[in-house]
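Please prepare a briefing on the fold and packing of the structure shown here, with the cut-offs behind each term.

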Amino acid sequence: MARSTTAPESPPRQRADRSAVETVGASGLTRDDRLQIYYYMRLTRSLEERLVNLYRQTKVVGGLFRSLGQEADAVGSAYALDRTKGDILSPLIRNLGSMLVQGAKPNEIIKQYMAKGDSPTRGRELNIHYGDLVRGFIGQISHLGDMVPVMAGVTLSFKMRGEKRVGMVYVGDGATSTGAFHEGINFAAVQKCPLVVIVENNGYAYSTPLSKQTAAKNLVDKAIGYGVYGDSADGNDVIATYEVTKRAVDRARAGEGVTLIELVTYRRKGHAEHDNQSYVPEGEIDRWAATNDPIDRYLKALADEGVSSEEIAAIDARVISEIDGATDEAEASPMPEPNDSLVGVYADPPTTPELWFRKGIRSAVEKHERPQGWGTHDG
Amino acid sequence: MAEITYLEAIREALFEEMERDQNVFCLGEDIGAYGGAFKVTEGLQAKFGESRVIDTPISEAAIIGAGAGAAHMGMRPVCEMQFIDFISTGYDMLTNYVATARYRAMLPCPMVVRGPSGGYVRGGPFHSQNPEAAFLHTPGLKIVYPATASDAKGLLKSAIRDEDCVLFFEHKYLYRRIKEEMPSGDVVTPIGKARVAREGKDVSIITYAATVWKSLEAAEQVEKEDGLSVEVLDLRSLLPMDDEAIIATVKKTNRVLIVHEDTRTGGIAGELTARITENAFEWLDAPILRVTAADVPLPYSPPLEDYVLPQTADIVSAIRRLAAY
């Protein structure tokens, strides 16, 4: 359950204005909303499972990052933003679900992983490192914590222009140890930026358990030190996650500043696909999988509310069909033209000059000069 | 029109740009009510208000990171480093986040990071640095380092209007020591263009920032004492560099001395030397020489600082050596 630390009493909950007639339960979410949330959770998991297949077929050029077991915290929190008001989130590597809620498409994700020329970053960046300000998500970088100052600036611009928009930034338990996290949240707190900082506590930063990351008993306790609202929830309960985040989003939109939310969850896969998780105590992963899978829990809740298994099966089928289409499209997509690598470092000049030893030779790729084993594309 | 100092020229550029464009705003430590450690931003907050002249916590990474986030949204932040020495605490944000934003994510990042730089002021190791070489190696950033008041004003205007991140280094030795009448109207100095500060035919000095003035002094001296004609090229922009102007002066005098205040190893003189040998090797009549700081942290005490930093006499002897080669 959510609990407040520095936050005073929660404001009265508002009904979602999507289709108020159907509202069931305290969350203010309609039945359609709740099925949509299921769709995004299932899409996240199935899309990652497809990526595993592609990875094993060596079609994924780089590493593969999973959010297995964390779909609820990603989807539930992002669902609390208002996509009609221009809200923006900055995801982390386990937030595929958050990006899908904001409108990221499976074909984009697969093309990113496959390093395709028509991927959103045209092959410059890996995995889910991309963004779209129009749809409302901004590309992360690998340096943890750095997106907190950046989102402080994004939300500072909302405040300066009097826009009623909200920003959300995700960090993991590990990133709370960085200087950038500290500087960013402190800056946003002083400026009362409309920012929600989601701390996903999934137990591990790569192989490092929380006990070696911080001596704080709870990560939400850090909110007190920054003078911001603090709240937490069971990150594997998608509705609880939604509710706690929605309160923070409403507060931010009302000009009440920053909230730090700790969502407690569990990372069931390694840091990336190569990680054998030898550091995890025996039985821990199985226990979470068997008793605390966010999709299993949500399916049970939906069934209790009268959602039929046929309705669920129809969503599952739609998800698979979308992923199949996206996979076909991504596989048929071209790799980038090598000299596109010189485009777009600056607005002016738009293209970096070609080096003399590249002139007249389209690229080393054409000559098969690349080291063996680097990537899977053989020209 | 009255003459104004290098510092006042910077302040004028900020005023004029903030008046011209609502999206321009300043953020930094003690820049508001106090007007900044050197009073560069004095009067700005009174004129434009607290929301456009923001006093921040002591957080260079947040100042630069928040600048980047605001820039993505169409703002034009001007981030002040109280001393440019502290830019190193925002190095990650600048090199990993800001510099790559356009390339990796098609995110525009039009912002300026400016601050007092350089030595000759008894500032010691942490209030005298010249960090340009640390950023020259980062595609995606631009670097300017003006030597005159009019260039300070014109380049800051260009930097604020640029679509990418510009590091604007201000030499604090020059802040109140040089004065100049500003050209009338909205004059901008283009980024990427060097300036011939003195015409000459025997030896070329390629330099920037405070050592432009030391080079000019040396040029005067050798003209009087040796009858040598020395050309001084003020780079003004370090990234991008004006290759055309560099090669032109090499071809004109065939003898090149590079002078910079920054330390020697891995300094900008090395990059310049490589460019000249790649593009104009056959025009050289002598080896390229460097006059730079010694490879030590900059010490505080006057005899130590003066020994470490390049002085006019050092430049004079280097010119004589080159001319005699």
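Two residues are in contact if their C-beta atoms, placed from the backbone, lie within 7 Å. By that criterion, residues 24 or more positions apart account for 79% of the contacts in chain B with a separation of 6 or more. This is a predicted model, in which local features need pLDDT of at least 70 and side-chain atom pairs count only at pLDDT 80 or more, while totals for chains, interfaces and linings use all residues. Residues are numbered from 1 along each chain as its sequence is written, and chains are lettered from A and ligands numbered from 1 in the order in which they are written.

**Overall form of chain B**
- Chain B contains 11 helices and 14 strands, counted as DSSP runs numbered from the N terminus (helices H or I, at least four residues; strands E, at least two).
- The radius of gyration of chain B, taken over C-alpha atoms, is 19 Å, close to the 20 Å from the globule rule for 325 residues, so chain B is as compact as a globular protein of that length; the rule is 2.2 Å times the number of residues to the power 0.38.
- Of the 325 residues of chain B, 57% are buried, meaning that 20 or more other C-beta atoms lie within 10 Å of a residue's own.

**Strand 6 of chain B**
- On one side of strand 6 (residues 141-144), B:Leu141 and B:Ile143 are buried, as are B:Lys142 and B:Val144 on the other.
- Strand 6 of chain B runs parallel to strand 7 (residues 165-171) of chain B, joined by four bridges, where pairing requires at least two DSSP bridges.
- Strand 12 (residues 237-239) of chain B pairs with strand 6 of chain B in the antiparallel sense over two bridges, with B:Val144 opposite B:Ser237.

Conventions:
Buried ≥ 20, exposed ≤ 12 C-beta atoms within 10 Å, placed from the backbone.
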